[in-house]
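Hello,

Here is the structure for you to look over. My notes follow below.

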Amino acid sequence: MILCSLAACQTLEYFRYATYLDPNYEYSISHPRSWEVKEGGNLGAQVVFLAPEKNQVFRSNGNIVVASQSENDLRTLADQTISQLKFVLNNYEVISQVSKSIGTISEGIEIRGRYQGNEGVRIIRTILAKQAPFTYVFTFTCGANEDRDFSPIIKHMMESFRPAPQAQ
């Protein structure tokens, strides 16, 4: 009976997510079904995932940018990203920077930082990965007090990522 309950929980977990397949770059990623999906976005985002929050000032979100593969290595890209975030975001500071795999891409870097938003402190995670012919940049932003709640969702999304078939 316990095994059936565990299997049912895992099945329910599966049904809480949907898979997004990018029509241009053909990568896929799993996202919560309750999140709004908008193709296109600011600053070159191919897709934006918006959490179902009532807050009209800011909604927790994730987005993906795909670019031609950079000649720079991941460490250099991470340093450039940190410099850009410090320039663009109010009081941005790095909390952590770690190597990690992203879906089927074995090498990536996650930069976790905080900055001051209009309504309070926000956490921003920027995850960089390269697999020819593309560089993938994932960004997730939420209020600092929500970071712990969103961590399992972000982990699930990153583990589900599959690059374009030609990139594999």
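Arg-122 lies in strand E8, residues 120–131 (helices, H or I, of at least four residues and strands, E, of at least two are DSSP runs, numbered from the N terminus). This is a predicted model: local features need pLDDT of at least 70, side-chain atom pairs count only at pLDDT 80 or more, and totals for chains, interfaces and linings use all residues. Residues are numbered from 1 along each chain as its sequence is written, and side-chain values use heavy atoms, with hydrogens and water left out.

Confidence: mean pLDDT (the predictor's confidence in each residue, from 0 to 100) is 88 for the chain, and 87% of residues reach 70 or more.

Arg-122 is buried, at 11% relative accessible area (buried is under 20%, exposed over 50%, partly exposed in between; 1.4 Å probe, protein chains only). The charged end of Arg-122 sits over the ring of Phe-58, 3.8 Å from its centre (the rule: NZ of Lys or CZ of Arg within 6 Å of the ring centre and within 35 degrees of the ring normal).

Now the aromatics. There are ten aromatic pairs (rings of Phe, Tyr and Trp, its six-membered ring, with centres within 6.5 Å; planes under 30 degrees apart are stacked, over 60 edge-to-face, the rest tilted). Tyr-20 and Tyr-27 make a tilted pair, 6.3 Å centre to centre with 50° between the planes. Both are buried. Tyr-27 and Phe-161 are also tilted, at 5.7 Å and 40°. Those two are 134 residues apart. One aromatic cluster includes Tyr-20, Tyr-27 and Phe-161.

Best wishes
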